[in-house]
Amino acid sequence: MIGLLAGCVLKPLVALPHPEPAVRWVLAEDGPISVDVHALQTGETDVSFGQFFGGHDGWVGRRGVWRTGFDRRSFRAPVLVFALVHPTEGVILVDAGLAPHQTERGFYRPKDGGRTAYIWDHRENHLPEDETLLAQLAAAGIAADDVRHVVVTHLHEDHVGQLETFDRATVHLSALEWEDRGRVAYGPSFDDVQQWNLVDGVTDLFGDGSVQLLPTPGHTLGHTSVLARVVDGGAAVVTGDAVYTLRHLDPDTLLPFNYYGEHALQTQAESVRRLTALQRDHGDLVFLLPHDPFDYTPLILDVLGDGVLDRADRRALEAVQRELFDAQGRLLPEHVPTWVRGQGL
Ligand SMILES: [Zn+2]
Ligand SMILES: [Zn+2]
């Protein structure tokens with residue numbers, strides 16, 4: 001996701017806004033409309049161990065970028081897109097995953113995308129034919145024309161790849177993320193969007209509580225997570241890259257690399273704490289992650305195979321989470337990721 005030259009070409013760092021700890025997200029209790037949820041896998045992308053797990057070991061700021069470029073401990077992470085189906089508002093995609101052109105030599109060109117083209121590398125992306133977003137939508141029984149909204153958690157390449165297909169949809173994005181697009185976003189991947197809706201702060205997308213956008217800055221300036229109300233009073237949060245793996249729900253133990261620096265690393269930790277506080281307050285809330293390389297992703301794909309995140313599915317996802325953490329929410333030592341030479345993760 002981040003190439004060797006990144007440290008030389010990135011724009012200057014900025015301080016990210018810190019979430020206000022006194023503000024807690026609260027869910028409406030009564031009668032929210034629920035949505036169906038489909039999980040669609042659009043291939044995999046190569047990431048380094050330090051990029052995912054190096055935050056507490058100094059993988060921060062420019063130095064972190066540099067180390068990422070030389071980190072040989074590479075593994076593949078899945079790239080998931082989630083499709084929410086609202087009873088009257090149609091299909092809402094959360095992110096647009098990888099697209100075939102992002103795996104092709106020559107797509108990333110400085111003359112098309114400025115210096116950010118140096119950051120991305122087609123060789124890092126892997127997309128089998130049956131895992132293109134269109135193939136995955138078809139397999140879920142969803143016509144591409146029925147996609148009326150796309151929420152983009154942030155503008156990194158593995159989240160906007162197939163956006164061009166949905167040029168009749170409204171694309172929702174944090175205004176902060178849009179303002180900061182020149183930093184690490186590659187324009188040609190989202191230039192075709194006709195209708196942007198730039199949002200600021202917590203946003204109830206349809207005014208009925210069913211889909212809400214939650215600011216979770218830290219990974220990027222305007223990173224946004226998506227809260228969906230599902231059947232029987234349950235809830236799910238699609239975290240985007242605010243939470244790389246389920247293990248990252250304990251930011252005191254595990255943090256990813258952070259490009260923006262130490263302050264942003266703490267911003268990211270605070271975003272995660274807010275998400276876990278929301279889960280504690282609500283009780284029946286699970287997390288849907290795009291990139292977890294462990295057993296959680298196959299389980300997500302399995303329980304969402306029918307497009308309904310019912311109570312039994314939520315219990316199954318929660319059971320995995322419970323196995324990883326103690327009662328105080330600390331990641332159990334045996335589950336802290338390590339890299340074993342010759343074996344990998
Ligand atoms: Zn990202
Ligand atoms: Zn990502």
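User: How many of the residues of strand β10 are buried?
Analyst: This is a predicted model, in which local features need pLDDT of at least 70, side-chain atom pairs count only at pLDDT 80 or more, and totals for chains, interfaces and linings use all residues. Residues are numbered from 1 along each chain as its sequence is written, while chains are lettered from A and ligands numbered from 1 in the order in which they are written. A residue is buried if 20 or more other C-beta atoms lie within 10 Å of its own, exposed if 12 or fewer, and partly exposed in between, with C-beta atoms placed from the backbone. β10 is largely enclosed by the rest of the structure, because its buried residues number seven of the seven.

User: Which residues of β10 point the other way from Thr-224, Val-226, Ala-228 and Val-230?
Analyst: Helices (H or I, at least four residues) and strands (E, at least two) are DSSP runs, numbered from the N terminus. In a regular strand, side chains alternate between the two faces of the sheet. In β10, Thr-224, Val-226, Ala-228 and Val-230 take one direction, and the other, also buried, belongs to Ser-225, Leu-227 and Arg-229.

User: In what order do the strands of the five-stranded open sheet stand?
Analyst: Two strands pair if DSSP finds at least two bridges between them. Here the pairing is mixed, and the order is β8-β9-β10-β11-β12.

User: Which strands of that sheet stand at the edges?
Analyst: An edge strand has a single partner strand, so one side of it is left without a neighbour in the sheet. That is the position of β8 (203-204) and β12.

User: Which residue of β10 is the bridge partner of Val-211?
Analyst: Strand β9 (residues 211-215) runs antiparallel to β10, and five bridges link the two. Across this pairing, the partner of Val-211 is Ala-228.

User: Which residue in the turn of the β10 and β11 hairpin has a positive phi?
Analyst: β10 and β11 run antiparallel and share five bridges. Among the facing residues, Val-230 stands opposite Gly-234, and Arg-229 is the bridge partner of Ala-235. Three residues lie between the strands of the hairpin, and the one in the turn with a positive phi of about 60 degrees is Asp-232.

User: Is Asp-232 buried or exposed?
Analyst: Asp-232 sits in the loop between β10 (224-230) and β11 (234-238). Because it has 11 C-beta neighbours inside 10 Å, Asp-232 counts as exposed.

User: Is Asp-95 buried or exposed?
Analyst: Asp-95 lies in the loop between β3 (90-94) and α4 (110-113). Asp-95 is not a glycine, yet it has a positive phi of about 75 degrees. With 29 other C-beta atoms within 10 Å, Asp-95 is buried.

User: Which strands stand at the edges of the seven-stranded open sheet?
Analyst: The strands of this sheet follow the order β4-β1-β2-β3-β5-β6-β7, with mixed pairing. An edge strand here has a single partner strand, so one of its sides has no neighbour in the sheet; this holds for β4 (125-126) and β7.

User: Which residue of β2 stands opposite Leu-40?
Analyst: Strand β1 (residues 36-48) and strand β2 (residues 74-86) run antiparallel and are joined by 11 bridges. In this pair, the residue opposite Leu-40 is Val-81.

User: How do the buried residues of helix α10 fall when seen down its axis, in terms of an arc?
Analyst: Helix α10 (residues 296-303) has the buried residues Tyr-296, Thr-297, Ile-300 and Val-303. They line one face of the helix, because the arc, taken from the directions from the helix axis to the C-beta atoms, that holds them is 135 degrees.

User: Which residues are exposed on the other side of α10?
Analyst: The buried residues of α10 are covered by elements including β1, β2, β12 (285-288) and α11 (311-324). On the other side of the helix, the exposed residues are Pro-298 and Asp-302.

User: Which residues is Ala-185 in contact with, leaving aside its neighbours within four places in sequence?
Analyst: Ala-185 is in the loop between α8 (181-184) and β7 (195-199), and it counts as buried with 22 C-beta neighbours inside 10 Å. Two residues are in contact if their C-beta atoms, placed from the backbone, lie within 7 Å. Once the neighbours within four places are set aside, Ala-185 is in contact with Thr-116 and Leu-155.
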